[in-house]
Protein chains: 2
Amino acid sequence: MEKKYVVGVDLGGTKIYTALVDLEGNVKNEIVIKTEADQGEVAVLNKILNTIDTVLNNVDINEVAAIGIGSPGPLDVENGLIVYTPNLPFKNFNIVKPIKEKYNVPTYLDNDANVATLGEFMFGAGKGTENMVFVTASTGIGGGAIINGKLFRGSTGNALEIGHMTVMKGGPRCGCGNDGCGESLGSGTAIMRRANEAVNSNAVTSLKDYSEVTAKEVFAEAEKGDRVANEILTNALSYLGITVANIANTFDPDMIVIGGGVVNGGDIVLETIKQEVENRCLRSISSHCRIEKAMLDGKAGMLGAAALAILETK
Amino acid sequence: MEKKYVVGVDLGGTKIYTALVDLEGNVKNEIVIKTEADQGEVAVLNKILNTIDTVLNNVDINEVAAIGIGSPGPLDVENGLIVYTPNLPFKNFNIVKPIKEKYNVPTYLDNDANVATLGEFMFGAGKGTENMVFVTASTGIGGGAIINGKLFRGSTGNALEIGHMTVMKGGPRCGCGNDGCGESLGSGTAIMRRANEAVNSNAVTSLKDYSEVTAKEVFAEAEKGDRVANEILTNALSYLGITVANIANTFDPDMIVIGGGVVNGGDIVLETIKQEVENRCLRSISSHCRIEKAMLDGKAGMLGAAALAILETK
């Protein structure tokens, strides 16, 4: 029977998104449920199986080419294991085997950043490119790369740890132990940290009107003209832009796709990134490389997992 | 007739190195002559052809699989053109065509950084790796990357412009126009600039005993215990190390090979680089990635050009 579909599963600490997707990336059936990670690994595995049953509802399993799963890491992709992840109950848990055995369909696993990269490459902003880097900036800064049309994983599966490139020697300490990482200067967490420093200083800023300040409030107050919020934002985005410029000088790609929560902060985000790339990259690189906003948003995970399934069975 | 050999030509502003090399990288015949670039493009082209004739001396041309040429850039590799280069007379000059026509053998061109990368990968320190980055630090900082066993060129042929990654926002102005590039902080030129600043200040340093100070004198005086020279060196090497660490976090390679004049400055060079990688990379990356000194030295260009010839005809 002709293989017309794949299933994509986006396994997250809060929610599981599962979709039946055709080979062009059109979602036929989809479902989202709460993960309820505290119920343990068997319960969560059963939830995943239930979502797959649901989206397969009116389809013959013989029409399904493969199943793809995106999960936070670290993973042992080759053996189908979730090694460990802070917000899920799995520990050295083989997530691929029970799914593969139940449906008798090839099943593939990869981490959320790689899966989102594949999603944007096959069905999103990066469609049609050969070399593309996906940069996601939210709490942290991460990414993935497509090189000559294929996902680049690195030798130990840890390539594109781009949030931990040093962009300012001696800068603020990062969660990774290093100082001056792009993540410690240009992520949503960095914006929140600097905003709270401002709130606790004698600076005059409307950020003090909030009981709790996150990156979202900084974006809102900068938009309204608060000088302190604007300064914090411009500074952080310039470091995000430097990270992107470093990537451009290194990969010389057709496109860099920017995703994650920070990119929804308004035009200032892409404008600042583009300016840093313009200022900091070789002309032959910056004149070719397009900087685009991610297109798949909340669906990046499940469409990316579907893309993984399609590419791995090709 | 069995193809046993390739020819590698390393075209430089000062010298032309040409070698007949077997498929295992053993040099059978070699010659080095002065480029004398001021004699113009026809004269230099004839010199190249003469060196090829010389190394082919006792060999049937039918045993030669291909000819590879390494040249400073920018190049138009696809069309075999040297677009322009400061120290050679060629301008939009097709260097491949006359060679290919004279010997009736496939002839390939690539820039010196890529060719040196291929040389270290096939015949030098990087032998046996799958993912390898070559970093060369002398006047500037440049490099090349092998990804999944193949040279990675980027979308416009400008990948691995790693000397222009920003490692200190607001740092010294680089020749490229950007501020705080690794090249403006960690290259031989950066060492020389800071040494001359020290000579012209009221600092107490033995560097003042020289009529002219380059990176070489800084290495020598640091070795002898001069504090100012040592401080300049340690600082510059730490920025070179940061550049290497950023590459490691991005490519997650099996090995990073360090070449160029700076690496001959003694054990302190590799030690400092390794320390920065240790401090700044994710454990899973730094525990896998080896940092090695380049092995081919002055022969990197001609052996790399030979490697290009071998790989392109495979």
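Colleague: How many salt bridges are counted between chain A and chain B?

Modeller: This is a predicted model. One pairing joins the side chains of D179(B) and R280(A), with 3.3 Å from N to O. That distance qualifies because the rule requires a side-chain nitrogen of Lys or Arg within 4 Å of a carboxyl oxygen of Asp or Glu. The count between chain A and chain B is two salt bridges.

Colleague: Which helix of chain A gives the most residues to the side that touches chain B?

Modeller: Between the chains, 32 residue pairs are in polar contact, both at pLDDT 80 or more. On the chain A side, α7 (227–251), α8 (267–280) and α9 (283–286) each supply at least two residues. With eight residues, the element that gives the most is α7(A).

Colleague: What area is buried between chain A and chain B?

Modeller: The contact draws 38 residues from chain A and 38 residues from chain B. K169(A), T250(A) and R280(A) supply 21% of the area that chain A buries against chain B, more than any other three residues. Carbon and sulfur atoms give 51% of the total, and the area buried between the two chains is about 3200 Å².

Colleague: Within chain A, how far apart do the C-alpha centres of domain 1 and domain 2 lie?

Modeller: The domain assignment places 5–119 + 299–313 of chain A in domain 1 and 129–293 in domain 2. Nine residues of domain 1 of chain A are in contact with nine residues of domain 2 of chain A. The C-alpha centres of these two domains of chain A lie apart by 28 Å.

Colleague: Which element gives the most to the side of domain 1 of chain A that touches domain 2 of chain A?

Modeller: Across this interface the rule finds two salt bridges, and the side chains of R153(A) and E312(A) meet in a salt bridge at 3.5 Å, N to O. On the domain 1 side, β8 (107–111), α3 (112–123) and α10 (300–313) of chain A each supply at least two residues. The element that gives the most, with five residues, is α3(A).

Colleague: What share of the area buried between domain 1 of chain A and domain 2 of chain A do carbon and sulfur atoms give?

Modeller: Across the interface of these domains of chain A, one residue pair is in polar contact, both at pLDDT 80 or more. By class, the domain 1 side has four nonpolar, three polar and two charged residues. Of the area buried between the two domains of chain A, about 690 Å², carbon and sulfur atoms give 59%.

Note on methods:
Residues numbered from 1 in each chain as written. Chains lettered and ligands numbered in written order. Predicted model: local features only at pLDDT ≥ 70, side-chain atom pairs only at ≥ 80, totals over all residues. Heavy atoms only, no water. Contact = heavy atoms within 4.5 Å. Buried area = accessible area lost by both parts, 1.4 Å probe. Polar contact = N/O pair within 3.5 Å; in protein donor to acceptor, adjacent residues only side chain to side chain. Helix = DSSP H or I, 4+ residues; strand = E, 2+ residues; numbered from the N terminus. Domains from an automatic or database assignment. Nonpolar A, V, L, I, M, F, W, Y, C, P; charged D, E, K, R; others polar.
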